[in-house]
Amino acid sequence: MNGRNETIIMEHISIKNICKKYGQGESSVKALDNVSLEIAKGEVCVILGPSGSGKSTLLNMIGGLDRVDSGTITVDGMEITSLNKKQLTDYRREKLGMVFQAYNLIPELNVIENVRVVKDITKEPLDEKELLHVLGLEKHMMHFPSELSGGQQQRCSIARALVKNPALLLCDELTGALDSASARDVLRVLQTINEQYHTTIIMITHDERIAGMADVLVRIMDGRIVECISKEKLKVEELGI
Amino acid sequence: MTLGRKAFRSVRKNLSFYVVTCFLTMVAVTMLIGALTTAETIGDNCEEIYGNLNVEDAQFVTEGIITEEDLLRYETDFDLVLERQNYTDIIIGDNTVRLFKESSEVNLSWIFETEDGESEDVVPSSVSDGYVYICKKFGSFNNLSIGNDIILGNETLTVGGYALRPDYLNTLKDLTETIGDYSGFTIALVNDDTYEAVLNSDPSLTDNAYYSVVFHDGNKINTFRKALYADYRPIEYFSSDMNSRISMLRGEVVMLKKEFSSYSMILFVLVMIIVAFMLSRIIDGESVNLGTLKALGYKESELNRHYVIYAMIPSVTGSFFGVLAGIPFSRAFCAYFFNDVDSFPYSVRYSVVIMVIAFILPVVFNIAVSAVVTSVLLRRDAAMLMKKGKTVRKVRKLLNGSKLRFKTVYMFRVLAGNPVRTMVFIIGMTVASMIILLGGMCQDSQRNVLENVLPDMMGEAKYETGLKSFHTGTVENGQTLIDVTFEVPNKKVAFNLIGYDEDNTLLKRESLSGKPLTYGGYYMTSGAANYYGIGAGDDFTFVHRITGEERTVTIDDIIDNDALRLVLTSKENAAYLVGVSPDEYNNILSEVPVDVPSEEILKIADFDSYQDSFEQLLATTKVVYAILLTVGIIVCILMVNLLSGMIIDENRRNVSMLKVLGYHGSEISRIILRPNHFLLPCCYILAIPLTIYMTRLMMIGSAESSGVYIDVVVKPVTLVLYFLIVLSAYVVSLFFGNRKLDRVDMADSLKQED
């Protein structure tokens, strides 16, 4: 488990020895090489790494967007690596929220309608208006994506992911397209959500500044986890002990 | 030009566009070549037969025989050729053999197949003594081969070969028929001696005669007819335009050229719209490249030429395959149309000019439309083009704040936000629905004639007995009429003037206005009114076909009868116009067959014979409607496939994102492709009045050549059935669309936008 302390009581996500290779023969690239990781419920896991390190591949595997060559991923006791296409869709539908670097809002829908895109397929959704209020978008509910700033669009994207009250929130380069102020703003929102709803959050980024909000910090390089630090250790490091 | 390679390499990327435009171009070119080649083949072969065999310009029946002196006098005075035609009808079982004495001047025989083989050269042939020459189809149906014996009268003759007469190319036993009965009727040609021998062998056979005339000077036709009337008082006169044995194929030539050229044009226009639309999308999507090329020094004209290649690829490919497919299609089409007449050898006349025109036409159209679109889009300056990058989607903020479900709101915004795409879909699907509906409406209209108009047409009468001359007195079980054919100036098709007694109960006469008919008024059937363009209160001028005298009457009202071209009036009025006494009659309506000597009977029409010939007509048109239905379904599938592909391409990120969010494929399809679902019934509904209008134009066009106007009737069940066909085609294309949706990668949404 790459050096992480065994102090977490409730294991939420368990990744064991996953490998993923793209291409064939000499031109093949090992995107993930025997990666193992465990994340407890309610934790914020930040995965850091340069471009091409395999962090997006890892996120895709956890999100059930791509399949592993070998190894297993278990989320909430469900081994998602053995699910078929339909079951994977149901898994994403019921357990997963996802926030994209490019926001991916539907341009033809306004803010509240974009949130309803997910609410409509959720069994027990949160109140979208309340959520937008928490995210500071209550005045922009009738605005279209083209009328919002990057930060506002990203908050809308977060609202869309959270309206289903997901067990797991995956964030792909959350602040990649934002200026510093907007990025801080969005991260603050995410922290609030984590505290309020105990949502497990996995963020991939190459922005070192985000590491500060991590319970678990994972560094990945050439498809391998090179470092995995728990919150306790991070605090110790912060304190300089 | 290196740049040109880009266009060819984009074929895979824009495959749906190329497949749709190629296919539509191919179908349009194939139809155009098929129709024009068939028209050319029919026209050439017929005119060759008519010309080489000296087909009559008119035929007439006189009460007495024209003397040899008068024949010569007419020929000299009026610059014409006149010949008496003798025939006798021989009944053999259920079959009728119309035995003709060989002609020497007009309507010459062409023996195209003998024991020595078949010949395509249309040359007048001489008939050998003791031999009989029959129609090939009759021979095939009745196992009568060349060399077989046949008993005519009490004479045994040998079948010497297969032959035809130009005035019986469409071998109709009676001119009231529309389709020949090739298994039960044939003409047979023998020489003078054999004819006399057959006639003398059986006393029950009667020698019938009429005169055929070929005019060399059109200006003398009317004076000849007046002289003839003064000398011999003809009882029937038919110009070749009025004789469907001769005019039917000429009418088909006109119909083929007119109808199929318009079908092809509709498809060409549809292709042009698609090309213009797709080209503007391609250019719009390549604005950065365009800006870069402009900045590198490419002239607008060079870029213009580059984008013209995009339009040329499908049009040249489609035209090429269209021309290739046009060759066998023309052959099949010719065979189909020649099947309506008796068998004879013909050669398909492929015209290089037609093929070149059909090839060039779509290419020129598409180059023109692409040149216009490109020049408009390339007017922007390089910096602006480079800045623009990927097209920013315009969003129509319709229904903002509405309580409707987001899927519904999304659908309306997508439709309004892409007006050009929406228009292309509407046009494409409306055209496809029209093509599909056209066959159905034509069949409904024809079936309506069969099921409603024909039973109505004869009123209470079951039999109509036409007499060779006027008679007086009463007829047991029958009601008498005056029935004379009149011509209308500048119209090819004549009408019949019917004079009836006030107490006639068998003749159907209900006005469209609902007003009762006044005895002594003039009433025109709706079939005639539509054809001649006459309404109630209009003056109507016509010409006596035999005397050539002109008359004008005022039409009081229109009678509901689409099948027949008649003017009804009192017997007194009719007698005055015809020049006979009101006591005379030449037609009898009855509910049972009437007792009239057979030699007095010109024709007996009964409801069953009308029905039979119309049913045969329906059977022959089925193939054309099947072609239309197939083309319409394919157009529908291709159009939906093309536009679904576009929608999916535009919404790649949305589709990918929806998949990530946990939407199932069917749910995504319902969101992304739903705007099409909404438009489909709209297009179908729009297609209904347009198809009714188009069918009406077709029926009017067909009435111009055939003289029979068929009112357009559409049954609700047909509309439902054809909507199900359109819907099925749509569902099939959705299947392809869903496969495209399936191929969208979920990882697309994780990528930063280009």
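Predicted model: local features only at pLDDT ≥ 70, side-chain atom pairs only at ≥ 80, totals over all residues.
Reader: What percentage of the 754 residues in chain B do buried residues make up?
Author: Residues are numbered from 1 along each chain as its sequence is written, while chains are lettered from A and ligands numbered from 1 in the order in which they are written. A residue is buried if 20 or more other C-beta atoms, placed from the backbone, lie within 10 Å of its own, exposed if 12 or fewer do, and partly exposed in between. In chain B, the buried share is 43%.

Reader: What is the mean pLDDT of chain B?
Author: The model as a whole scores ipTM 0.78 and pTM 0.71. Within chain B, 93% of the residues reach a pLDDT of 70 or more, and the mean is 84.

Reader: How many strands does chain B have?
Author: Helices (H or I, at least four residues) and strands (E, at least two) are DSSP runs, numbered from the N terminus. The C-alpha atoms of chain B fill a box of roughly 100 × 65 × 45 Å along the principal axes. By these runs, chain B has 20 helices, and its number of strands is 21.

Reader: How far apart do the C-alpha centres of domain 1 and domain 4 of chain B lie?
Author: The bounds, which come from an automatic or database domain assignment, divide chain B into domain 1 (1-52 + 249-392), domain 2 (53-248), domain 3 (406-457 + 608-754) and domain 4 (463-591). Between the C-alpha centres of domain 1 and domain 4 of chain B, the separation is 51 Å.

Reader: What distance separates the C-alpha atoms of Gly326(B) and Ala35(B)?
Author: Gly326(B) belongs to helix α9 of chain B and is buried, with 27 other C-beta atoms within 10 Å. Counting two residues as in contact if their C-beta atoms, placed from the backbone, lie within 7 Å, and leaving out residues up to four places away in sequence, Gly326(B) touches Val29(B), Thr30(B), Ile33(B), Gly34(B) and Ala358(B). Although Gly326(B) and Ala35(B) are 291 residues apart along the chain, their C-alpha atoms are separated by 9.2 Å.

Reader: Which residue takes a positive phi just after α15(B)?
Author: Helix α15 (residues 571-578) of chain B is mostly covered, with six of its eight residues buried, and β13 (478-487), β14 (495-500), β17 (550-554) and β19 (566-570) of chain B are included in what covers them. Just after α15(B), a positive phi of about 90° is taken by Gly579(B).

Reader: How many of the five residues of β17(B) are buried?
Author: Strands pair if DSSP finds at least two bridges between them, and β16 (539-544) of chain B pairs with β17(B) in the antiparallel sense over five bridges, with Asp539(B) opposite Thr554(B). The two form a hairpin with five residues between them, where Gly548(B) in the turn has a positive phi of about 80°. β17(B) lies largely in the open, because its number of buried residues is zero.

Reader: What does the twist average from one strand to the next in the open sheet of chain A?
Author: Six strands of chain A form this open sheet, with mixed pairing, in the order β6-β7-β8-β3-β9-β10. β6 (96-99) and β10 of chain A stand at the edges, each with a single partner strand, so one side of each is left without a neighbour in the sheet. With axes being lines fitted to C-alpha atoms (for helices over the stretch in contact) and angles running from 0 to 180 degrees between N-to-C directions, the twist from one strand to the next averages 15°.

Reader: Which element supplies the largest share of the side of chain A that touches chain B?
Author: Across the two chains, 29 residues of chain A are in contact with 25 residues of chain B. At least two residues of that side of chain A come from each of α1 (55-62), α2 (85-95), β6 and α3 (111-119) of chain A. The largest share, four residues, comes from α3(A).

Technical notes. pLDDT = per-residue confidence, 0-100.
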